[in-house]
Amino acid sequence: MAISGAIGLYTSFVLSIEAVVLAGDADAELGCSINSVINCATVAKSWQASLFGFPNAFLGIAAEAVVLTMAVAMIGGVLFPRWFMLAAEVVYTAGLLFAWWLFYEAYTDIKALCPWCLLITVTTTLVWAGLTRINIRDGHLNLPGRFGPGARRFVAAGNDWFVTIAVLVVLAALVFFGYGWSLL
């Protein structure tokens, strides 16, 4: 969570700077606008990039700063109360769904990909997986019936990371098979 949170925070800052640059000059050339497929400017100019009336990257700065703070506190031995961890799970699940929706929009409607946005999708997925792992492991997130102990055993064995890696491989495969060599 700490590493993904730090990468996500940095990426959100980069995307915020690019949003400010584009606000000043809609024709600005961004360093990550390589071709028609890998084109940050195309993505950043879409309505999806400012869904709430301001650049989504500003939400990323706030969210990733909280994630990084939580992760560092947990590394330091802080045990957050159950209500806090469940609230974090709910909020970060919304963030994960939002990141995946943005990926879907870029992939299907905008038809351009931003490498920074893809990185945010990956780091958000990793943070969510880590937070969910902690919540299941520590009993904050109790699944009903036999699924609760089964989920704790699944997490204790580290099998949840195989699922996370599989999801990221599917994401990479979608990008490659959807755009192929035009990515280069």
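In H5, the residues Arg133, Ile136 and Arg137 meet Ala151, Arg152 and Val155 of H6, where meeting is a matter of contact, meaning heavy atoms within 4.5 Å. Sorted by class, this contact of H5 with H6 has three nonpolar residues, no polar ones and three charged ones. Here Ala, Val, Leu, Ile, Met, Phe, Trp, Tyr, Cys and Pro count as nonpolar, Asp, Glu, Lys and Arg as charged, and the others, Gly among them, as polar. The helix names follow DSSP runs (H or I, at least four residues), numbered from the N terminus.

All this comes from a predicted model, in which local features need pLDDT of at least 70 and side-chain atom pairs count only at pLDDT 80 or more, while totals for chains, interfaces and linings use all residues. Residues are numbered from 1 along each chain as its sequence is written, and side-chain values use heavy atoms, with hydrogens and water left out.

How do the helices sit against each other? H5 and H6 pack at about 125°, their axes 9 Å apart; axes are lines fitted to C-alpha atoms over the stretch in contact, and angles run from 0 to 180 degrees between N-to-C directions. That makes H5 oblique to H6. For H4 and H5 the angle is about 155°, again with axes 9 Å apart, so H4 and H5 are roughly antiparallel. The cut-offs are under 35 degrees for roughly parallel, over 145 for roughly antiparallel, 65 to 115 for roughly perpendicular, and oblique for the rest. The contact of H4 with H5 takes in residues including Trp100 and Phe103 in H4 and Leu118 and Trp128 in H5. By class, that contact divides into 12 nonpolar, seven polar and one charged.

Now for the pockets. A pocket is an open set of points on a 1 Å grid over the protein atoms alone, where a 1.4 Å probe fits, with protein on both sides within 12 Å along at least five of seven lines; lining residues have an atom within 4 Å of a point. The largest pocket holds about 1,000 Å³, a volume being the space filled by probe spheres set on the points, which are joined across faces, edges and corners. Its lining has 49 residues, with Asn56, Leu59, Gly60, Phe98 and Ile120 nearest the centre. H4 gives the largest share of that lining, 16 residues.

The second largest pocket has a volume of about 270 Å³. Its 15 lining residues include Trp128 and Asp160, which are among those nearest its centre. H5 gives the most to this lining, with six residues.

How values were computed
Helix = DSSP H or I, 4+ residues; strand = E, 2+ residues; numbered from the N terminus.
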